[in-house]
Amino acid sequence: GTAAAQGQTAAGGACAHSPRRAEHLAEPPRLGLCDVRKAERRLRERLRRTPLLTCAALARLARLRLLFKCELFQRTGSFKIRGALNAVRSLVEGSEHAGGELPRAVVTHSSGNHGQALACAAQAEGIPAYIVVPRTAPHCKQDAIRSYSATLVPCEPSDESRAETAARVVRETGGVMVHPSQEPAVIAGQGTIALEVLEQAPEVNAVVVPVGGGGMIAGIAIAIKALRPDVKVFAAEPCNADDCYQSKMRGELTPSPHPQETIAEAVRTNIGPNTWPIIRDLVDDVLTASEEEIKRATRLVWERMKLLTEPTAGVGVAAVLSERFQAFPRDLEHLEHICIVLCGGNVDLSSLTWLTERPGTAE
């Protein structure tokens with residue numbers, strides 16, 4: 001499915017100059033290209049410039065020229081380190097500028113990847129990290145969080161439980177909340193993906209980005225629409241967790257209180273009040289994919305590209321390979337070069353029973 005674009009008025013604007021210490025703000029922050037550029041300078045010597053790969057087999061299936069931004073090769077195994085490190089460094093620089101002490105702790109809630117990233121970033125600065133993780137999060141991600149000396153706090157697999165548990169931990173520790181998708185410094189950090197893509201492939205016509213809380217696509221959209229407004233920005237999400245699609249269809253933030261189970265567990269969360277205005281104004285459309293389509297796309301990436309991506313990274317691939325995308329109006333014919341963000345590779349190898357299930361039996 002797709003949702004109609006809601007216009008091109010930029011939600012981004014003036015730079016946000018200070019770290020935000022709340023879960024999210026009453027007024028959405030005004031983020032602009034300068035915030036993404038600042039994040040790029042801050043992260044330049046600390047992160048990998050991930051490769052942009054091609055795959056002839058997948059390009060034939062899609063009947064398009066596909067480019068794959070391989071964030072699975074990023075530190076901690078996903079794009080999330082970009083935003084987490086930018087947020088932590090912003091806090092450290094703010095403390096240094098004010099002549100004060102480092103934060104007592106940083107706190108977040110995460111299905112795994114942001115938790116790993118924040119734990120890694122905090123450890124590098126000697127700041128304690130407390131990560132609220134749903135009990136259903138893959139064990140490999142929970143183990144990785146612990147490997148960075150962070151304290152793992154379990155919660156129920158719902159946005160409400162995640163937020164309530166994190167708020168309690170903030171009160172108990174006196175720490176600073178670094179929201180996985182609504183924190184402005186996180187959004188700006190994720191936007192550095194777009195700067196790399198535009199440098200690596202100036203010919204790109206569109207980017208397809210998996211969406212959960214919306215931090216990655218919001219940052220990418222801010223950068224791309226500022227530098228190359230002709231480039232289309234598509235969100236991709238599972239049909240079973242399609243709050244972004246529903247929000248674009250209705251023209252207003254429409255969270256799903258109880259999204260269905262999805263193999264793409266990392267995006268089984270809702271976009272929020274800080275990412276929604278950016279998505280509303282700058283994202284051209286929202287694509288959805290069924291569970292079977294996500295499984296097929298993930299398996300194709302493994303078999304044809306030899307890349308061990310997590311199923312969430314398969315959502316964008318699934319959307320582009322879907323019959324619905326292929327049937328788009330032919331005004332998209334100029335979209336010859338489409339970049340799909342392969343967002344991470346933290347696969348729970350103990351949960352791959354779906355590989356041997358017949359199509360349709362586990363949807």
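User: What order do the strands of the open sheet come in?
Analyst: The order is S6-S5-S4-S7, 4 strands with parallel pairing. Strands pair if DSSP finds at least two bridges between them. Helices (H or I, at least four residues) and strands (E, at least two) are DSSP runs numbered from the N terminus.

User: What kind of model is this?
Analyst: It is a predicted model, in which local features need pLDDT of at least 70 and side-chain atom pairs pLDDT 80 or more, while totals for chains, interfaces and linings use all residues. Residues are numbered from 1 along each chain as its sequence is written, and side-chain values use heavy atoms, leaving out hydrogens and water.

User: How many bridges join S5 to S6?
Analyst: There are 5 bridges between S5 (residues 129-134) and S6 (residues 151-155), and the two strands run parallel. In one of the pairs, Val132 has Val153 in S6 as its bridge partner.

User: What does the chain pass through from S5 to S6?
Analyst: The chain goes through H5, making a right-handed β-α-β crossover. Right-handed means that, with the strands pointing away from the viewer, the path from the first strand over the helix to the second runs clockwise.

User: How many bridges join S4 to S5?
Analyst: S4 (residues 106-109) is joined to S5 by 4 bridges, and these strands also run parallel. Val107 stands opposite Tyr130 in S5.

User: Which strands does H4 lie across?
Analyst: H4 lies across S4 and S5, at about 170 degrees to S4. H5 lies across S5 and S6, at about 170 degrees to S5. Axes are fitted to C-alpha atoms, for helices over the stretch in contact, and angles run from 0 to 180 degrees between N-to-C directions.

User: At what angle do H4 and H5 pack?
Analyst: H4 (residues 113-125) and H5 (residues 139-147) pack at about 10 degrees, with axes 8 Å apart. H4 is therefore roughly parallel to H5 (under 35 degrees is roughly parallel, over 145 roughly antiparallel, 65 to 115 roughly perpendicular, the rest oblique).

User: Which residues meet there?
Analyst: On the H4 side they are Asn113, Gly115, Gln116, Ala119 and Gln123, and on the H5 side Lys141, Ala144, Ile145 and Ser147. Contact means heavy atoms within 4.5 Å. By class, the contact of H4 with H5 has 3 nonpolar, 5 polar and 1 charged residues (Ala, Val, Leu, Ile, Met, Phe, Trp, Tyr, Cys and Pro are nonpolar, Asp, Glu, Lys and Arg charged, the others, Gly among them, polar).

User: New topic. At what angle do H12 and H13 cross?
Analyst: The axes of H12 (residues 291-305) and H13 (residues 314-321) cross at roughly 105 degrees and come within 8 Å. H12 and H13 are therefore roughly perpendicular. The contact includes Ile294, Ala297, Leu300 and Val301 of H12 and Val315, Val317, Ala318 and Leu321 of H13. Its residues divide into 8 nonpolar, 2 polar and 2 charged.

User: And how do H1 and H8 cross?
Analyst: H1 (residues 33-43) and H8 (residues 192-200) cross at roughly 85 degrees, with axes that come within 9 Å. H1 is therefore roughly perpendicular to H8. Leu33, Val36, Arg37, Ala39, Glu40 and Leu43 in H1 meet Thr192, Leu195 and Glu199 in H8. That contact has 5 nonpolar, 1 polar and 3 charged residues.

User: Last one. Which helix holds Ser90?
Analyst: Ser90 lies in H3 (residues 80-98). The C-alpha atoms of Ser90 and Arg42 are separated by 8.7 Å, and the two residues are 48 residues apart along the chain.
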